[in-house]
Amino acid sequence: MAYSGVMDKAETYEDITKQIAAVNEGETYWLARLSTAVCLLHNAFDDFFWTGFYMVDPDKPGELVVGPYQGTLGCLRIPFGTGVCGAAAERGETVIVNDVHEFPGHIACDSRSNSEIVVPVYNAEGTLM
C-alpha cells in the first residue's frame with residue numbers, strides 16, 4: 001500500500017522494512033535482495049521520484065555505478081565526492097538534502113529531482129557496496 005497520509009511515514013517505513021525482510025527471507029543473492037528492496041520502497045510512497053542503489057565499481061573503486069533502481073533515468077556513474085551520492089560514499093554516512101539545487105556539486109541526473117536521501121549500504125564484511 002502506498003503512503004497516502006493514512007499511516008505516517010514512520011509507520012510506512014516500519015511496514016516496508018518488515019515486507020522487505022519477509023520477501024527476502026532465505027534469498028542469498030545480493031542483486032535479488034536489493035532489487036526487491038527498491039521495488040517495495042519505490043511503490044510504498046507516491047512522491048518517490050527515483051529509488052535505487054549505486055554500487056562501488058570493483059574495477060574503479062573510487063566510482064559508483066548505477067545498480068537496481070526504479071523511476072526515471074539515473075546517472076550511470078558518479079565519482080566519489082561528487083553530488084549527493086558521491087558525498088555519501090566518500091563520507092560513509094547518510095546525507096539528507098532538502099534542496100539539491102543548493103547542494104555544492106549536485107549532479108542533475110534529472111532536473112525534476114529536488115531532494116535526496118542517500119544511505120551508504122555495507123556488505124557483511126563492512127565494505128561499502
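Mentor: Phenylalanine 45 is buried, at a relative accessible area of 2%; buried means under 20%, exposed over 50% and partly exposed in between, with a 1.4 Å probe and protein chains only. This is a predicted model, in which local features need pLDDT of at least 70 and side-chain atom pairs pLDDT 80 or more, while totals for chains, interfaces and linings use all residues. Residues are numbered from 1 along each chain as its sequence is written, and side-chain values use heavy atoms, without hydrogens and water.

Trainee: What describes a pair of aromatic rings?

Mentor: The distance of the centres and the angle of the planes describe such a pair. Rings of Phe, Tyr and Trp (its six-membered ring) pair if their centres lie within 6.5 Å; planes under 30 degrees apart are stacked, over 60 edge-to-face, and the rest tilted. By this rule there are 5 aromatic pairs. In one of them, the rings of tyrosine 29 and tryptophan 30 have centres 6.0 Å apart and planes at 55 degrees, so the pair is tilted. Phenylalanine 45 and phenylalanine 48 are stacked, with 4.5 Å centre to centre and 20 degrees between the planes. Ring pairs also link Tyr13, Phe45 and Phe48 into a cluster.

Trainee: Is phenylalanine 48 buried or partly exposed?

Mentor: Phenylalanine 48 counts as partly exposed, at 25% relative accessibility. Tyrosine 29 is partly exposed at 44%, and tryptophan 30 is likewise partly exposed, at 40%.
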